[in-house]
Amino acid sequence: MRRSAISALTTLVLLGAGTLVSTPAVAAPLACGGISTGSFSGSAGGSEYLCAKEGDLLDVRIGDVHATQPSLGYDEVYYKLGRYTLGKDTINKKFDDWCEANGQIQAATATPASTLKDPSSFTCQIPVGQETAESIAPMKTVVVGPRGDLYLTDGHHTLTSFIETADGGPDLHVRLRVLGNLSGLSEGAFWTEMEKNKWVWSRDVDGNQVPVQSLPKSVGLANFADDKYRSLMYFSRDIGFAAGTIPFQEFYWGAWVRDAAPVDLTNWNRDDLSSYLATVKSVTKAQTALAGDAVVDSGFTATDLGVLPAWNDGKAESKGEFAKLSKPYTDDKPGKIAYALAYKATL
């Protein structure tokens, strides 16, 4: 979910000191004794999450969440890790990312001694308990499944970056927002509902279906295949399309690039900034040339998937998001691809 939009699936209501309630989940959870505070902590697979309702915020050990996709765009994770380790920001971007994921907008203060493992060592823009609709919107989302297991529907790249960074790891905690509670369903019925709601991406990097039972049990680079098309679409945000509230949005666009082949990617060199930028440009030009009602993938149209009315949002190549993306690592504010390539060069 992105800062600019709130999911149409959930209407959040703020009560008192930040407790959240919402419309009923798709399937009723197991008996909970009528108790639901809107704030939960514990470990996945325990009874702590069985009572969680749509819109509740869960304090989660990130190593406990289950994936709902078999691949990642590695270059997006490399960008994040490059920003965390080679960044030129006054406050390390990892603290911004954690605060945003935790429903607290962005980091306010941090010192060289600050660490993700100790949230008391840095501060976020708003404190816990003062969340707003705007601060909650970009939080990563989970569905509560059988046994209280948590299934991540948005945030695989962010949580993987938290696992891979030096002061992160699987024991790191962050809050996640509940998209739905399907814990009352059998295993088979659960996955049927997940597929129905498009809360799972069960295609491999070549577009072949994979059994949901084989999806990763946790996040972390080693658990996922590398989907180059997903990486490409991450860097295409706000140039060819705007990120929205549809889970796996970039995967649908990536499938279009792979299957419809709107551009020739034969000469795309993922380790060269100029080649990467040229590929982003050609793909996003093809995106914005689509009619809004053109079906991209799985019944979603270009409009559904946030296609922009004009390339680079109508700005010249030397302006806007494409200009930002084009900045080399030597610039005071490097572009995302430059950070990704700089990090890859350290591996």
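Is F251 buried or exposed?

Solution. F251 has a relative accessible area of 4%, so F251 is buried. Buried stands for under 20% relative accessible area and exposed for over 50%, with partly exposed in between (1.4 Å probe, protein chains only).

Some ground rules before we go on. The model is predicted, so local features need pLDDT of at least 70 and side-chain atom pairs count only at pLDDT 80 or more, while totals for chains, interfaces and linings use all residues. Residues are numbered from 1 along each chain as its sequence is written, and side-chain values use heavy atoms, with hydrogens and water left out.

**Exercise 1.** Find the ring partner of F251 and classify the pair.

Solution. Start with the rule: rings of Phe, Tyr and Trp (its six-membered ring) pair if their centres lie within 6.5 Å; planes under 30 degrees apart are stacked, over 60 edge-to-face, and the rest tilted.
- Step 1: F251 is buried at 4%, and the centres of the W201 and F251 rings sit 5.2 Å apart with planes at 20 degrees, so this pair is stacked.
- Step 2: F251 belongs to helix α7, W201 to the loop between α5 and β11, and 50 residues separate them. Helices (H or I, at least four residues) and strands (E, at least two) are DSSP runs, numbered from the N terminus.
- Step 3: check W201, which is buried too, with a relative accessible area of 3%.

**Exercise 2.** Work out what surrounds W98.

Solution. 
- Step 1: W98 is buried, with a relative accessible area of 5%.
- Step 2: W98 is listed with F235, W253 and V280 as having the most contacts inside the largest nonpolar core, which has 72 residues. A nonpolar core is a set of buried Ala, Val, Leu, Ile, Met, Phe, Trp, Tyr and Cys residues joined through side-chain atoms within 4.5 Å. Another core, of 12 residues, lies apart from it and includes L179, V200, V212 and L215.
- Step 3: skip neighbours within four places in sequence, and the contacts of W98 (heavy atoms within 4.5 Å) include F122, C124, F162 and H173.
- Step 4: by the ring rule there are 20 aromatic pairs. For W98 and F122 the centres are 5.4 Å apart and the planes at 90 degrees, so the pair is edge-to-face. W98 is in helix α2 and F122 in strand β7, so parts 24 residues apart in sequence are tied together.

**Exercise 3.** Locate the disulfide and give its handedness.

Solution. 
- Step 1: a disulfide is a pair of cysteine sulfur atoms within 2.5 Å, and the count here is 1.
- Step 2: C99 and C124 form it, with sulfur atoms 2.1 Å apart.
- Step 3: the torsion about the S-S bond is about -75 degrees, so the disulfide is left-handed.
- Step 4: C99 sits in helix α2 (residues 93-101) and C124 in strand β7 (residues 122-124), so the link joins parts 25 residues apart in sequence. Both cysteines are buried.
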